Amino acid sequence: MSKVFPKWSNALPLKIIVFLFILAAAVVSGVTYYATPNYTRVGYMPSQPVPYDHSFHVGQLGLDCRYCHSKVEESGHANVPSAGTCMSCHSQIKTDSELLEPVRASYASGDPVPWVRVHEAPDYVYFNHAVHVNRGVSCVECHGKVNEMEVVAHDQPLSMGWCLDCHRNPEEHIRPVDLVTNLDWVHPGGKKGQIEDGLKFVEEWNINPPQSCSGCHR
Amino acid sequence: MGSSNPILDEVKPAILKEVDPVDIPRPALVENNRSFSWITDKICGIVEEKTPTWWWVCFIIACAGASFTVMGLVYLVATGTGVWGLANPANWGWAIVNFVFWIGIGHAGTLISAILCLLRQKWRTSINRAAEAMTIFAVVCAGIFPVFHVGRVWMAWFLFPIPNANAIWPNFRSALLWDVFAVSTYGTVSVLFWYVGLIPDLASVRDRAKNKIRQVLYGIFAMGWRGSNRQWSNYEMCYLLLAGLSTPLVLSVHTIVSFDFAISLLPGWHTTIFPPYFVAGAIFSGFGMVLTLMLPLRAIYRLEDLITQYHIDCMTKIILATGTMVGYAYGMEFFIAAYGANDFEIFAFVNRAFGNYAWAYWIMISCNVISPQFFWFKKIRENTALVWIITIFVNIGMWFERFVIAVTTLTRDFVPSSWGYYSPTIIDIFTYLGTFGLFSVLFLLFLRFLPLMAMAEIKVVTPQADPHNH
């Protein structure tokens, strides 16, 4: 039999196997890092038509979340305010600011300001703001410290696994209902105190977060 | 037997002084005293000859057939699973029937390669390669149906327990998940077994190759095989281990497929006889398919010396045995239903035989129970045309068995107001018929490019390999 392959090809199978292992490891770690909502959503920070600064209005002036997102305790949907809400102050303050031009135009015409949506649950997910807010889930749990954001950015992955983390262990994330919009609040007793109180709230408020498919995918 | 005691000399010992071995000749597994080189030339010649015209004709027809499956699946993905005839109450229809049908076909391959190897049934050598190829291609065809039944095929990886951002896992208590493991293990082990068996023969083709491209391609897949003693002894050990590993698979795969039905609570499905009865049925249909494929090949390539009447006898007898077992199971289902005195169970079986789908039930009985009984007769076993026709009936019958099981129970569920009649849509029919095209495409490619019999193993069972009659 004549030689079909040169001598160096003897090492080739081993090299190919090693290469495949490295490739597999790279693909797995690449997918784990880059292809989950942790990477694809967190940090999303679109520029808005009006550079509304939450850190100034909420953090420094002390507006409550519900001053603008007024229906969050009653409605499944947390509303974005109409220009009228802005104009309740800005008819007096900074009336000729160029940055506020879209707000005044919206107020005059009735067409909404074209805000760019930051947090968006897929169509097949049913999420109700009111039930969460009324059972002590703070805004900060899902939206992060908006009171410190100059431009609103996506803070949490909002993946299904992330939702289930809380649905499986709600005691770690609920607080007295009157503190829901206090984004800086942490339990004074630390993690231990949070869980003790959390378990008490779960018991008293009969919190039973759905974990079945149809709880959220209706 | 000299002894000093005269009395003892009178006693005739109960042991014969010498033993004359009775001369019962075993049928030769390779007839006409063929030499080793004849075998090599014959098998390699099939891959080396110019592509015959009939091959092209069959290949083009098979491709056209396979395109039906492709079109059916494209339409399904573009439109949704509603294009199949599934609707309440029959949410399982042709898809599961076809899946079980194809998986069952594959079983003969594993049985021949694993169990017959361990039992040292030498007649397996001239059919095992093609049967294993058949197994793999059948698994490919089977896999299509559950994968596309999920609707959004690109999410089919959800079938496997892979950690994901949704923090959900498949239901480990579901037989459908066990199926995923059973079938993927089965596919993997079958491919390994097939490939390991191919290595020495690929090396033969490589060594006979006339041009560089063939030499390199077959050389790559022969993985440097030289046929040294050391390689052979490692190879034999590896082959034996694989045979041991896949032996449980022969039983486990179809057992788990039967669990899809048996662990539910529906009358007609919820029976303990399902696993053995499904395994017997699978081997039955698998051997049917082996004969359906091998008999034409034997005629086309003039392989009568390698696939002898003895081989056909062995396979038809297995079909007869497993067919009778299946028939016994059909009878036993009725007995258990009557003996168990459960109204719903009795209804389910009476409905099977005399209800809406009685036509399907009696097709099943005549093909599966009656047609193999002809194999009791030597005259029929020796008539290849008749054997071939009966094996076709066997496979028709086994398809109808799965259809009867899946559909009769579902269309007559617990609430009479929801009773219905299931019919497939044209898309169902085209997708299924197309899988025969796909199977044929794969099998024809196998015939063209790989040695269809295990040359090295056949040489071992020739009379020449055993010159001292051990």
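Two residues count as in contact if their C-beta atoms, placed from the backbone, lie within 7 Å. What covers the buried residues of H12(B)? Helices H10 (309-340), H11 (343-354) and H14 (384-411) of chain B are among the elements that do.

**Confidence**

- The model comes with an ipTM of 0.74 and a pTM of 0.86.
- For chain B the average pLDDT is 90, and 97% of the residues score at least 70.
- One thing to keep in mind: where pLDDT is low, the predicted coordinates should not be read in detail.

**Chain B overall**

- Chain B has 16 helices and zero strands.
- Its C-alpha trace spans about 95 × 75 × 50 Å along the principal axes.
- Of the 470 residues in chain B, 40% are buried.
- Taking the contacts in chain B with a separation of 6 or more, 83% are between residues 24 or more positions apart.

**Helix H12 of chain B**

- H12(B) runs over residues 358-370, and its buried residues are Tyr361(B), Met364(B), Cys367(B) and Asn368(B).
- Looking down the axis of H12(B), you'd find these buried residues within an arc of 145°, so they line one face of the helix.

**Where chain B meets chain A**

- Eight residues of chain B touch nine residues of chain A.
- On the chain B side, helix H6 (175-208) and helix H7 (212-222) each supply at least two residues.
- H7(B) gives the largest share of that side, with three residues.
- By type, the chain B side splits into three nonpolar, three polar and two charged residues.

**Helix H7 of chain B**

- Just after H7(B) comes Met223(B), which takes a positive phi of about 50°.

**Chain A domains**

- The domain assignment of chain A lists domain 1 (7-39) and domain 2, the latter in two pieces (73-78 + 119-216).
- Taken over C-alpha atoms, the centres of domain 1 and domain 2 of chain A are 39 Å apart.

Methods:
Residues are numbered from 1 along each chain as its sequence is written. Chains are lettered from A and ligands numbered from 1 in the order in which they are written. This is a predicted model: local features need pLDDT of at least 70, side-chain atom pairs count only at pLDDT 80 or more; totals for chains, interfaces and linings use all residues. Helices (H or I, at least four residues) and strands (E, at least two) are DSSP runs, numbered from the N terminus. Ala, Val, Leu, Ile, Met, Phe, Trp, Tyr, Cys and Pro count as nonpolar, Asp, Glu, Lys and Arg as charged, and the others, Gly among them, as polar. A residue is buried if 20 or more other C-beta atoms lie within 10 Å of its own, exposed if 12 or fewer, and partly exposed in between; C-beta atoms are placed from the backbone. The arc is that of the directions from the helix axis to the C-beta atoms. Domain bounds come from an automatic or database domain assignment. pLDDT is the predictor's confidence in each residue, from 0 to 100.
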